[in-house]
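Trainee: I have a new model open and would like to talk it through. Could you take me through it step by step?

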Amino acid sequence: MKKFRYIITICLILSLILIGCNNNNSYKEETKKIEKTIELYFKNYYSIEDYKILDDNNESYKKEINLVESVKECTTEEFYNKLKLKGGSGTIVDTAKDKKRNIEVENIEYEIKKPEDIKDLKDEISLQYTVDFKFYNEDKEDILKKEGQIRLKKVNGEWKIDYEPGYIPYYLLEKLN
């Protein structure tokens, strides 16, 4: 009888350990999925590889459309439609064009705001982020840091961006020479 209790106790302890490890792995997996979605959004929406083509108004308009379309898969339908309605990424294209610079996203850091503990994660998460934008051309290069908030929602099992301002604030752009 003592052996039986001992075996049951050991089995119970092992199963609790395995369940705990499995939950920890699922949080890590969810964090990686969230990270990937955020990176995809920023690198697609805020990148301009060749500012020179933007002098042509047709090319400039196409780029605005393409930047918005490039984030369709990683945004909620509602947020995607908001981006389209507000003129897409016109401010990003106009910035690259006016400053005569390419734009590249370099470093994205974030801190979870809600839920306060990743273990409480359900299907919505808000993060405070800092992202480095590299503005460059053949002659100069500047790095500007943008801070803001981004919200993701889980839609059909996938994390999607549901809110992010979608522009680089003017006060930051004043720092470019």
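Predicted model: local features only at pLDDT ≥ 70, side-chain atom pairs only at ≥ 80, totals over all residues.

Trainee: Fine. What is the pattern along the sequence?

Mentor: Read along the sequence, the protein chain follows α-α-α-α-β-β-β-β-α, and its secondary structure comes to five helices and four strands.

Trainee: And the strands, what order do they take in the sheet?

Mentor: They form an open sheet with the order 1-2-3-4 and antiparallel pairing. Strand 1 (102-114) and strand 4 (158-163) are the edge strands, each pairing on one side only. On average, neighbouring strands of this sheet are turned by 35 degrees against each other, with direction ignored.

Trainee: How many bridges join strand 2 to strand 3?

Mentor: There are 13 bridges between strand 2 (residues 124-136) and strand 3 (residues 141-155), and the two run antiparallel. If you want a particular position to look at, Phe135 stands opposite Asp142 in strand 3.

Trainee: Switching to helix 3, which of its residues are buried?

Mentor: In helix 3 (residues 77-85), the buried residues are Phe79, Tyr80 and Leu83. Seen down the axis of helix 3, these buried residues fall within an arc of 100 degrees, so they line one face of the helix.

Trainee: Why would residues a few places apart point the same way?

Mentor: An α-helix has 3.6 residues a turn, so residues three or four places apart point the same way.

Trainee: Then what is exposed on the other side of helix 3?

Mentor: There you find Glu77, Glu78 and Leu85, which are exposed by the cut-off given at the start.

Trainee: Now the core: which residues touch the most other members?

Mentor: The largest nonpolar core has 36 residues, and those that touch the most other members are Tyr41, Phe42, Tyr46, Ile150 and Leu152. Strand 2 supplies the largest share of this core, with six residues.

Trainee: What does Tyr46 touch?

Mentor: Leaving out residues up to four places away in sequence, Tyr46 touches a list of residues that includes Tyr41, Ile92, Ile103, Val105 and Phe133, and also Lys146, Glu164 and Tyr167.

Trainee: Last one, how much of the whole chain counts as buried?

Mentor: Of the 177 residues of the protein chain, 37% count as buried. The chain exposes about 11400 Å², and carbon and sulfur atoms supply 50% of that area. Among contacts between residues at least 6 apart in sequence, 64% join residues at least 24 apart.

Key. Residues numbered from 1 in each chain as written. Heavy atoms only, no water. Pairing = 2+ DSSP bridges. Axes fitted to C-alpha atoms, helices over the stretch in contact; angles between N-to-C directions. Buried < 20%, exposed > 50% of the residue type's maximum accessible area, 1.4 Å probe, protein only. Contact = heavy atoms within 4.5 Å. Areas by Shrake-Rupley, 256 points an atom, 1.4 Å probe, with all protein chains shown as cover. Arc of directions from axis to C-beta. Core = buried A, V, L, I, M, F, W, Y, C linked by side-chain atoms within 4.5 Å.
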